[in-house]
Amino acid sequence: MIQIKVIKPVLFCLCLAVFLLPVSRTVSASSQSTIQYSLPRLVKIFGAGGVKNLYGYSTGFLVSPEGHIATIWSPVLDTDRLSVVLHDGRKFEAEVLGAEPHLDLAVLKLKSERELDLPFFDYKEKVTAGPGTRILGFSNMFKVATGDEPVSVLHGVIEARTELPRRRGAFELSYSGDVYVVDAITNNPGAAGGALVTYDGKLLGMIGKQVRNAKTNTWVNYSLPIDVLSKSIEQIITGKFDSSEEQKKPDMDAPQRYRPVDFGLVMVPDVLYRTPAYIDRVLPGSLVAKAGLQPDDLVVFVNDELIKSCKTLNSELGQLEPGDLLRLVVRRNNQLISIELQVPPEKK
């Protein structure tokens with residue numbers, strides 16, 4: 001009797017293992033073939049960086065055989081010397097063909113005198129997926145690849161397709177809409193712009209920026225759905241694009257009553273198209289010094305308006321009137337700090 005009790009569980013486990021083995025091999029074979037299919041369609045992007053620890057690299061993926069690339073809209077692209085490295089190590093200069101900042105999307109075009117015939121993802125399929133879908137995330141996180149080295153691959157599962165909360169101070173994110181929330185740690189430095197792919201090689205979305213929920217102090221791993229990005233990608237490639245966000249020169253007739261220095265703020269040099277509004281110095285005895293602001297604080301909101309760059313900050317401060325209440329929200333390390341102060345009289 002004792003021998004029978006011992007043997008039965010063993011036989012059961014052996015049978016279960018034999019039953020599951022083909023399934024495991026099928027899943028493994030599926031993911032391996034998808035990885036081999038996807039890697040040539042990923043690119044490494046190198047551009048502007050170095051301002052207040054901003055990374056000078058990101059990821060993108062090919063969306064046409066002619067060398068069009070979808071990627072994240074970020075300060076990395078704010079340079080005249082943007083370079084892209086393909087999976088085989090070939091290096092090209094690239095230009096920003098167009099961008100939709102509200103979607104965190106940019107489309108690049110490789111510069112080449114020869115006609116290109118590159119592997120690419122079909123973004124027009126507009127593939128969608130629900131919770132529980134197994135996915136692969138491809139990206140050049142942590143700058144693991146600079147030449148012909150393969151980018152990183154992460155396995156995961158979609159937890160939900162949902163809209164990120166838009167409460168002020170919850171997320172530092174210009175995009176508002178549905179995202180895929182995944183259980184893999186996909187959103188690392190340099191990973192933004194990478195591809196989220198199903199196990200059978202269908203493009204699901206673009207990996208988003210590093211975003212932390214300040215209320216729960218947790219990082220969010222998410223991707224922007226390709227069915228949301230598809231229309232803008234096609235319009236940019238075909239030249240029929242009209243961005244929902246003005247990217248023209250600032251209105252010279254807009255009021256410029258106040259500047260950051262009028263409140264005691266000295267910002268970092270505005271060297272990029274969208275240089276983040278980091279505080280370089282705080283003037284001793286100034287309004288913001290008394291309120292507790294410090295160097296390296298990042299200005300995120302001015303009177304509930306999202307501050308995307310030093311130019312945006314200058315524009316918002318320039319419209320203030322004497323006696324107005326100025327509300328500033330800054331990010332310091334991993335915390336959001338809010339202050340209020342009264343706008344002083346204009347200097348004559």
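Here are some worked exercises on the predicted model shown above.

Two notes before starting. Residues are numbered from 1 along each chain as its sequence is written, and side-chain values use heavy atoms, with hydrogens and water left out. Because this is a predicted model, local features need pLDDT of at least 70 and side-chain atom pairs count only at pLDDT 80 or more, while totals for chains, interfaces and linings use all residues.

**Exercise 1. An overview**

Task: Find how many helices and strands the protein chain has, and what percentage of its residues is buried.

Solution: 
- Step 1. The protein chain contains four helices and 20 strands. Helices (H or I, at least four residues) and strands (E, at least two) are DSSP runs, numbered from the N terminus.
- Step 2. Of the 348 residues, 46% are buried. Buried means under 20% relative accessible area, exposed over 50%, and partly exposed in between (1.4 Å probe, protein chains only).
- Step 3. Now turn to contacts, meaning heavy atoms within 4.5 Å. Among those between residues at least 6 apart in sequence, 63% join residues at least 24 apart.

**Exercise 2. The barrel and strand β2**

Task: Work out the order in which six strands close into a barrel, then describe how β2 pairs with β1 and with β3.

Solution: 
- Step 1. The barrel order is β1-β2-β3-β6-β5-β4, with antiparallel pairing. Two strands pair if DSSP finds at least two bridges between them.
- Step 2. On average, neighbouring strands of this sheet are turned by 40° against each other, direction ignored. Axes here are lines fitted to C-alpha atoms, for helices over the stretch in contact, and angles run from 0 to 180 degrees between N-to-C directions.
- Step 3. Five bridges link β1 (residues 42-46) and β2 in the antiparallel sense. Within this pairing, F46 has Y57 of β2 as its bridge partner.
- Step 4. β2 (residues 57-62) and β3 are also antiparallel, with three bridges. F61 stands opposite A70 in β3, and L62 stands opposite I69 in β3.
- Step 5. Five residues lie between β2 and β3 in their hairpin, and G67 in the turn has a positive phi of about 100°.

**Exercise 3. The two faces of β2**

Task: Decide which residues point one way from β2 and which point the other way.

Solution: 
- Step 1. In a regular strand the side chains alternate between the two faces of the sheet.
- Step 2. In β2, Y57, T59 and F61 point one way, S58, G60 and L62 point the other way, and all are buried.
- Step 3. Six of the six residues of β2 are buried, so β2 is largely enclosed by the rest of the structure.

**Exercise 4. The nonpolar cores**

Solution: 
- Step 1. A nonpolar core is a set of buried Ala, Val, Leu, Ile, Met, Phe, Trp, Tyr and Cys residues joined through side-chain atoms within 4.5 Å. The largest one has 33 residues, and F61, F138, L224, L229 and I233 have the most contacts inside it.
- Step 2. Elements that each supply at least two residues of this core include β3 (68-72), β6 (105-110) and α2 (226-238).
- Step 3. Leaving aside its neighbours within four places in sequence, L229 is in contact with L103, L105, M206 and L224.
- Step 4. Another core, of 28 residues, lies apart from the largest one, and F263, L265, V282 and V300 are among its members.
- Step 5. As for its placement, α2 lies across β3, β5 (91-100) and β6, and runs at about 35° to β6.
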